[in-house]
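Hi everyone, thanks for coming. Let me put today's model on the screen, and then we'll walk through it together.

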Amino acid sequence: ELKNRGVQDIFIACVDGLKGFPEAIETVYPHAIVQLCIVHMVRNSLNYVGWNKRKEVAADLRLVYSAATIDEAEHALADFEDKWNNAYPPIALSWRNNWQRIIPFFDYPPEIRRIIYTTNAIESVNMSLRKVSKSRGSFPNDEAVIKLYYLALSNIAKKWSMPLRDWKPALNRFTIQFNERMPRHY
């Protein structure tokens, strides 16, 4: 659908755990780097953990994805396994099984990682739309829903007027890394 709408290239795609989505992106955009959403990985991991241990498990997972290098991240994941594997074996298994889709963002400095490690911006829009439609209960017709979503999206878009934090260093890095693929605007 994106290709049909004119998107010629994707440098980095951050996706949730939807099966087949990374492969579909790589089929249409063979040079795209596909990154799993770290927030989704952590959320999925915490589904296995009781409330009394969530903060501690989340803090230990943070050591994995906030590591400076892939080697440090692998060491932190091994430490995580040593500590938590007996209680929560599916967590480390999930991280190991998805490792190749988790580690692409380690190729970037921390300020860029903050931009590419999550799909939360999209989820924020979806949540905002659900919030406005949920509070209404019912609608007299389809046009009423469309108008409500239009107004909600207009309000959401106003919040986007501020530039992304650290976008300039990220853009500079992407321009260097993807130089031959970067569109030129003269």
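When I say helix or strand, I mean DSSP runs numbered from the N terminus: H or I of at least four residues for helices, E of at least two for strands. With that in hand, Ala-73 sits in helix H4, residues 70-84.

Some housekeeping: this is a predicted model, where local features need pLDDT of at least 70, side-chain atom pairs count only at pLDDT 80 or more, and totals for chains, interfaces and linings use all residues. Residues are numbered from 1 along each chain as its sequence is written, and side-chain values use heavy atoms, leaving out hydrogens and water.

Overall, the protein chain has ten helices and two strands, in the order β-α-β-α-α-α-α-α-α-α-α-α. Its C-alpha atoms fill a box of roughly 55 × 50 × 30 Å along the principal axes.

Back to Ala-73: is this residue buried or exposed? Buried means under 20% relative accessible area, exposed over 50%, partly exposed in between, with a 1.4 Å probe and protein chains only. Ala-73 comes out at 0%, so it counts as buried. Across the chain, 33% of the 186 residues are buried.

Which residues does Ala-73 touch? Contact means heavy atoms within 4.5 Å. Beyond four places in sequence, Ala-73 meets Val-64, Ala-67, Trp-99 and Phe-106.
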